[in-house]
Amino acid sequence: MNFEQAACIESMYTELPFMERFGAAKKDGFEYVEFWSWVDKDLDAIAEICQETGMKVRAFNGDADYSLVDPTHKKDYLEFLTRSIEAAKKVGAPSLTIHSNALGDLGVVVNHYTELSDTIKICSMYDMLLECAKLAEANDILLNLEPLNIYVDHVGNYLATTQAASEMIGLINSPKLKVLYDVYHMQINEGNLSDNIRKYWDHIGHIHVADTPGRHEPGTGEINYHHIFNLLAELNYTGCIGYELFPKNSTEEAVKAIMSYKKNLLKI
């Protein structure tokens, strides 16, 4: 199974200063790192540390204070996405993560938009994503639209299911617009992980991994990650798996658990 792995250095390696996390992740065997916001980061310093360590940035959030479901946000959303694309180019990131709603500190949904109908929200998302896809294609960057769990971490988020995200992506039909399938979020929201991965496989551009409950490393909760990783091997997944998780005890223990899955799959 030839997939690459990314450590989310917002939630992992937190015992180290941020800039030291790149080298630590590289030393542990990760090919990429991910993080969340870019506006609070020194992009020049990140580009330099990546060159020094050989680490690469896979993705970060391309949106911030603006929501796809709010039609009044269109101009600002697209302007910020344009800036995010330039930031990605500066650090060599091939992809950005986008969401239906603006997220604040700790991923709290800024506005639930209870005053807007589903019709407005869906039409606004479709309209904006059409323009997002054009930007992505013109700049040769992949945008991954992520449904989030609406019960534990992101109450009030609009996009909550693999089906809704996949159908939207299918309608827009751009090679540069895909679904970010987060196993942790989807276990909480909908379950049926294997069937949904198979059903919407063609639209999945990136995968996030954490166990539930707790959002810790695989093997600490209820998800059968041996089965999930074997399924990805069966489907010939060659993309990247991002570990957006909070180590249960330490990063060191979490890394050992993470790497054991890939080691076992290499024997397949």
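This is a predicted model: local features need pLDDT of at least 70, side-chain atom pairs count only at pLDDT 80 or more; totals for chains, interfaces and linings use all residues.
**Exercise 1.** Describe the overall build of the protein.

*Solution.* First, the protein has 9 helices and 8 strands, which are DSSP runs numbered from the N terminus (helices: H or I, at least four residues; strands: E, at least two). Next, its radius of gyration is 18 Å, close to the 18 Å that the globule rule gives for 268 residues, so the protein is as compact as a globular protein of that length; the radius is taken over C-alpha atoms, and the rule is 2.2 Å times the number of residues to the power 0.38. Finally, 53% of the 268 residues are buried, where buried means under 20% relative accessible area, exposed over 50%, and partly exposed in between (1.4 Å probe, protein chains only).

**Exercise 2.** Is Asn157 buried or exposed, and which residues does Asn157 touch?

*Solution.* Locate Asn157 in the loop between strand 5 (142–145) and helix 5 (162–172). Because its relative accessibility is 5%, Asn157 counts as buried. Leaving aside residues up to four places away in sequence, Asn157 touches Ser100, Asn101, Leu103, Val109, Leu148 and Ile150, a contact being heavy atoms within 4.5 Å. With Ser100, the side chains form a polar contact of 3.4 Å; such a contact is a pair of N or O atoms within 3.5 Å, and within protein one must be able to donate a hydrogen and the other to accept it, with residues adjacent in sequence counting only if both atoms are side-chain atoms. The Asn157 side chain also reaches the backbone oxygen of Leu159 at 2.9 Å.

**Exercise 3.** Which backbone nitrogens does the side chain of Asn224 reach?

*Solution.* Asn224 lies in the loop between strand 7 (204–208) and helix 8 (225–234), and counts as partly exposed because its relative accessibility is 48%. Its side chain reaches the backbone nitrogen of His226 at 3.3 Å and that of His227 at 3.1 Å.

How values were computed. Residues are numbered from 1 along each chain as its sequence is written. Side-chain values use heavy atoms; hydrogens and water are left out.
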